[in-house]
Amino acid sequence: MAETQILTPVDDGSANRLPAPVLGGRLAPLTGFFRQPAVQRALPAIAMTSAIGIAALAYFTMQAAPQAQLFAGLDDTDKAAVADALQTQGIGHSIDPTTGALTVDADKLHQARIALAGQGLPKAAPSGDSLIAALPMGSSRAIEGEALRSAREADLSRTIETIDAVKSARVHVAAAEPSLFVREDKPATASVMLTLQNGRSLSDGQVQAIRFLVASSIPGMNADQVSVIDQRGALLSDTASGSDMKAFQLQLQVEDRFRRALDTLLGPMLGAGNYTVEVHADVDMSESQATRESFPENDRALTSEQITRSTSGTSAPAVGIPGALSNQPPQATTVTANAPQPTPAAPPGTESNENAARAYEVGREISVTHSPQGKLRRVSVAVALNQGKKALTQADLTKIDNLVKGAIGYDATRGDLIAINQRPFVAVEDTAPAFYDQGWFMPLVQQVGAILAALLAFLFIGRPMIRAAKERAAKRIAQNQELEASLLAATDRPALASGQGGREITLEMIEQAPSYEARANLVRAFVRQDSARAALVVRHLMQEGARA
């Protein structure tokens, strides 16, 4: 009786198989698939893969898709039209609350652009060539002038927009009508409105380059007559000349050098945040050159002299008694050193001219004085010290004053000023937004949430499935071993094959065998029990296979 109970296939394998829902014959193939031994052995791997898939699905569900800006520099009208077109096409979009940029999913960027291009969106500003080509026939000279001006402005705007830091640009040109009178000619002027990229700025060199670009594109315009402003209304190009800008930059450099020197000295002594320094340097940018020629006061003389004399040879008429002088003796001759020598009388009837030019060399002094630019006229320094729990003494303040004077090269003759004062500093409240309002907080929460969801899915879904699969596999292996042992013992006895002392082996028992080995043993026993019937069954299977 015990042997008969062992061979009776009363166990249909439900103890070591997954529970299959009983919904009729429609789920029979699915139930049979899950009852296969190979599927039962693969259940742990299937459970692990399912847990990883659920975690990945949770991560990608919570992770927002990367966004890409659709078009840059769109006005509100174009944005409204583009948003309506995207909604019609079924393409999701969003608007950045800070910048107002219209963004779509990065993987749908080109699809959205192609769809908008098919509808003629966005409506970009016309180019200069299109404006000129759109001029009607027979238009007046005034209309042609305005069209040409608009075309030039449009082309200049597009050219300026190619700069990396410029998001959009608008150029306005004001040019007076040419006049026949030179005095009435007024130079053309221009203004440039720039919309810069977020966080970007233009250097002085770039602003000057934009001014020269506009001035070079318009006849009769100077770069000083071009004004450049940004979207905040800040004037980027002032009317100062290059020399004034150079003087301002030199002043900033001098002040910055003094400020760094004071920070180097006071920083290690007082600590960061315990002092503030302000420096003002008065720089003389005037350049002068003087030449002076002077003569010594004690050595003055004529620099040149010119003498002209003329003598005639005609004698005076004779007077007196003839022969009276011949009877008198000659007078004595006297010689005077400084007396002028008499000019010999010219013979009667002749004339003589005498010209003389004299030059005297005198001592003189020529002085050339050159004063270069950048002369420091005055320096003013103000130092504010933080008065902590213990105020600094007057001796400490004097030492700090001497350090400041030595750092800036103090000179009392030029009027330098040093002001040092100590007061308690007011605590500055931190106006930074809270950490949960930062831009990095929400992405971090999403990533951490996805990781936690993956861990929970593994702990509450993956691990129980793996544990249950292992337990079922262990039970199945034990039952298979027990059944195989019983079948081997039954097939070894010839009495079972002849039907004596045991139950007959049927096809239902073979179909319900839990494993391949058990089924093979039952097939062997069935063949031994009734070989003719087994041959008929094999023949019937072969015929069905041939018909199929």
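Predicted model: local features only at pLDDT ≥ 70, side-chain atom pairs only at ≥ 80, totals over all residues.
Q: In what order do the three strands of the open sheet with mixed pairing stand?
A: This open sheet is built from three strands, and its pairing is mixed. Strand 7 (275-284) and strand 13 (417-423) are at the edges, each with a single partner strand, so one side of each lacks a neighbour in the sheet. The order is therefore 7-12-13.

Q: How many bridges join strand 7 to strand 12?
A: Strand 12 covers residues 375-386, and strand 7 runs antiparallel to strand 12. The number of bridges joining the two strands is 10.

Q: At about what angle does helix 11 run to strand 13?
A: Helix 11 consists of residues 394-408. This helix lies across two strands, strand 12 and strand 13. Its angle to strand 13 is about 140°.

Q: Which residue of strand 3 stands opposite glutamine 67?
A: Strand 3 comprises residues 102-105 and pairs with strand 1 in the antiparallel sense. Three bridges make up this pairing. The residue of strand 3 opposite glutamine 67 is aspartate 105.

Q: How far does helix 5 reach from its first C-alpha to its last?
A: Helix 5 has 14 residues. At 1.5 Å a residue, a span of 20 Å is expected, and the computed reach is close to this. That reach is 20 Å.

Q: Within what arc do the buried residues of helix 5 fall?
A: The buried residues of helix 5 are Asp78, Val82, Ala83, Ala85 and Leu86. Seen down the helix axis, they line one face of the helix, because their arc is limited to 165°.

Q: Against which elements do the buried residues of helix 5 pack?
A: The face turned away from the buried side carries the exposed residues Asp76, Thr77, Gln87 and Thr88. The buried residues, in turn, pack against strand 2, strand 3 and helix 6 (109-118).

Q: Which residue with a positive phi follows helix 5?
A: The phi of this residue is near 80°. The residue that follows helix 5 is glycine 90.

Q: Is phenylalanine 458 buried, exposed or partly exposed?
A: Phenylalanine 458 is located in helix 12 (residues 441-491). Its relative accessible area is 30%. Buried means under 20% and exposed means over 50%, so a value in between makes a residue partly exposed. Phenylalanine 458 is accordingly partly exposed.

Q: What distance separates the C-alpha atoms of phenylalanine 458 and isoleucine 54?
A: Leaving aside residues up to four places away in sequence, phenylalanine 458 touches Met48, Ala51 and Arg463. Along the chain, phenylalanine 458 and isoleucine 54 are 404 residues apart. Their C-alpha atoms are separated by 8.7 Å.

Technical notes. Residues numbered from 1 in each chain as written. Heavy atoms only, no water. Pairing = 2+ DSSP bridges. Helix = DSSP H or I, 4+ residues; strand = E, 2+ residues; numbered from the N terminus. Contact = heavy atoms within 4.5 Å. Axes fitted to C-alpha atoms, helices over the stretch in contact; angles between N-to-C directions. Expected span 1.5 Å × (residues − 1). Buried < 20%, exposed > 50% of the residue type's maximum accessible area, 1.4 Å probe, protein only. Arc of directions from axis to C-beta.
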